Amino acid sequence: MAHDATALGAGLTPGLRGIGSDWAGDKQTFHVPWGKAMMWIFLLSDTFIFTCFLTGYMHVRASTRIPWPNPSEVFALSFGGEPIPLILIAIMTFILITSSGTMAMAVNMGYRGHRAKTASLMLMTAALGAMFVGMQAFEWTKLIIDEGVRPWSNPMGAPQFGAVFFMITGFHGLHVSIGVIYLTTVAMKVLRGDYKKRGYEIVEITGLYWHFVDLVWVFIFAFFYLW
Amino acid sequence: MAYAAIADRDQEHHLHDPQTFITKYIWSQDHKVIAIQYAMTAIAVGLFAMGLSIMMRLQLGFPDSFSLISPEEYYQYVTLHGMIMVIYLLTALFLGGFGNYLIPLMCGARDMVFPYMNMLSYWVYLLSVLVLMASFFIPDGPTGAGWTLYPPQAITSGTPGSGGGIVVMLVSLALFIVAFTMGGLNYVTTVLQARTRGMTLMRMPLSVWGIFVATILGLLAFPALLVAAVMMLLDRLIGTSFFMPEMLLMGVQSEHAGGSPILFQHLFWFFGHPEVYIVALPAFGMVSDILATHARRNIFGYRMMVWAIIAIGALSFVVWAHHMYVSGMNPYFGFFFATTTLIIAVPTALKVYNWVLTLWRGDLHLNVPMLFAIGFIFTFTHGGLTGLFLGNVTVDLPLSDTYFVVGHFHMVMGVSPVLVLFAAIYHWYPKITGRMFNDTLGKLHFWLTLLGTYSIYLPMHYLGFLGVPRRYYANGVTDFIPESVQTMNAGITIAALVVAASQMIFLFNMVWSLFKGEKASSNPWNATTLEWQTPETPPAHGNWGDKLPEVHRWAYDYSVPGEEHDFLPQTEPVHTGAIVHRDLEDFKE
């Protein structure tokens, strides 16, 4: 490093030290646009928010004296007779995972420069996201109106069940809704040709956020509905 | 996909130069203006919090002579004093103020990477301050739950401000976190991605390292506070029971049931302990630069200092429950957290040794910033040593609810960072304003502040050993508190009044020098770092004129043997035959 700084990139050091000096090099640490680096850092911070929510949920569930309701009964839906456990949530999860697929395709099309295809795939992702939020609204309505679950009380057991459920799914639903708006805005700008010069990294950045929201859902699903 | 770094792009891209007064000074996107806005707001709100502490001190020192505040108001002032000082002053001034000002200048960037978001960060911060201040104008006033806002008392009737005050407090905190996140993402991304040619991570001044790691801590710790605030708001407003157990309140069964107050404490301190280092790490970094500059010596063990900052940052996430020994926990947990707490003393002590070794045989220029920096080494060492007492479970239990904790905490997190802030303000004042401050007034300010704060907080440790409980409005007559305690309390109050008054000298100096101070040269301290090498002083919009600076060496080439001057700016190319510092040589192998 005593020699000129530009030589740093050229003279590659092998092994762990090499990785270290590569990261510590001048100008930039990661070879990505600013927006993408920032999105990654933001998502890391957001991960901590959801982790705290889920940890709080586990603590509350462990400390309450009143038994926790059985999720496969609470979240069952019956189509003409037999209740099917977790059917609604299974469909919702399927929809959200599918939307991650269309998002990945949008990123691919973006880098290939197909504007119309990119925008329509992004809008499709947004539509799937909106569908997810809609089904969540249906689920909330069912719990509130039909079963009388409230944030402060719950006929099926521990009152914290309602509190945690509405808080965590609400916070996640908020993320999905923001994502839908974000996706739609970027899709419109893609369609208008705003990124012709600047490149389509923004599609990938939007995608990062979207995949994150999906990933968080997987954890909420596992901890809330399967436990 | 390859992506050109900012320093490699054509320099043709122009920043939008602000034209009108409003875009230049009010809705400004320039990091320097935003930094000053942040600093002004933080200092104003800090002075207000100092006023609150004076009211409390008058009550404690002379309980029967004044009837300025009621017991309820005492609790409200305690709460607001703590919250404002820790979050709205220290966090905002270190990161929003100095982070904003120094990161682009020290890394050789033209601005933060997302200036618009940076501007929003300030305005949301201002909003959070205004919301907080609004709590003085609602019917039952601000919350009096103590700055830790522990439930259940924070939201049960009987605590002052449990009606509206606590809601306003939590909303204000949530806004602050939003503001901090917008700013913090900018700081981290700028340090990582927008450094100039030659500015490798291991050539960054320690100020940038401190601010950088502190910002990462903030981005990971504030989420816990946000979650705690959301849950408590739900408990308070719509009657959930996250934190509220079954209780009898004045003989009436409360409507809450089954919640866990300990959960709040865990969430709060998972934020609260890293918060200590969010404030301390920038202070560590800046004090390192100030000591090296005014001692005309390279910082001792630069790489060790960097790794110590990173290690402290990482460790700060696994020590939080040492704030909760008295809440009761499994002894193995107590053992774990006591161990990690004592381990964190190792990198911290290492930094103190390195500062002292930097001064050792240096050419000390005892000017105002240097005096404050040396003062910091003293107060920080004293505060740190009492931390070793409190880090041990068995010693902590009897001391926890006494003035010992007040003394320890104010020494390590009150006085120490504030001394660094003063050092930093004096040190960078010539660059920020283009004028020199008045030296005599600065020295007067230093001595009054240092000796004054010592006479406030050292006696508090003694009060703590006597068992004087903290948080009390008045001690009254008891068997276990000797009468002499009251004399000491009166003395502490007088010292506090002197310290408060001496801050007026500081304010006067700052304002007077702004207009009448001697014009400063661009590099009055003969410092090496980039911010002193700007073409204009104060730096113009865009910082560097036409061409970004190029960095050829680390930030600490002071008194290099065989050189003509006793300092070599980072922009100075390495010429043949020069003695290159060993730290840089290490990289070659």
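**Exercise 1. Determine what share of chain A is buried, and decide how spread out the chain is in this predicted model.**

Solution. Begin with burial: of the 227 residues in chain A, 35% are buried, where a residue counts as buried if 20 or more other C-beta atoms lie within 10 Å of its own. Then compare the radius of gyration of chain A, 22 Å, with the 17 Å that the globule rule gives for 227 residues; the value is well over the rule, so chain A is more spread out than a compact globule. Along the principal axes, the C-alpha atoms of chain A fill a box of roughly 75 × 45 × 25 Å.

**Exercise 2. Work out how chain A is divided into domains, and how far apart the domain centres lie.**

Solution. The assignment divides chain A into domain 1, covering 1-31, and domain 2, covering 32-226. Taken over C-alpha atoms, the centres of these two domains of chain A are separated by 39 Å. As for contacts within chain A between residues at least 6 apart in sequence, 67% join residues at least 24 apart.

**Exercise 3. Describe the side of chain B that touches chain A, by residue count, by element and by class.**

Solution. First count the residues: the contact takes 45 from chain B and 39 from chain A. Then look for the elements of chain B that give two or more residues to this side, which are helices H5 (165-193), H6 (206-237), H7 (261-295) and H15 (582-585). Of these, H6(B) gives the most, with 8 residues.

**Exercise 4. Characterise the contact between the two domains of chain B.**

Solution. Domain 1 of chain B spans 29-199 and domain 2 of chain B spans 521-589, and their C-alpha centres lie 35 Å apart. The contact takes 12 residues from domain 1 of chain B and 13 residues from domain 2 of chain B. On the domain 1 side, helix H3 (residues 71-107) of chain B gives the most, with 4 residues, and by class that side divides into 5 nonpolar, 3 polar and 4 charged residues.

**Exercise 5. Check the span of helix H13 of chain B against the expected value, and say what follows the helix.**

Solution. Helix H13 of chain B, residues 439-466, has 28 residues, and from its first C-alpha to its last it reaches 41 Å, close to the 40 Å expected at 1.5 Å a residue. Just after H13(B), Gly467(B) takes a positive phi of about 90 degrees.

Definitions and conventions: Residues numbered from 1 in each chain as written. Chains lettered and ligands numbered in written order. Predicted model: local features only at pLDDT ≥ 70, side-chain atom pairs only at ≥ 80, totals over all residues. Expected span 1.5 Å × (residues − 1). Contact = placed C-beta atoms within 7 Å. Nonpolar A, V, L, I, M, F, W, Y, C, P; charged D, E, K, R; others polar. Domains from an automatic or database assignment. Rg over C-alpha atoms; globule rule 2.2 N^0.38 Å. Buried ≥ 20, exposed ≤ 12 C-beta atoms within 10 Å, placed from the backbone.
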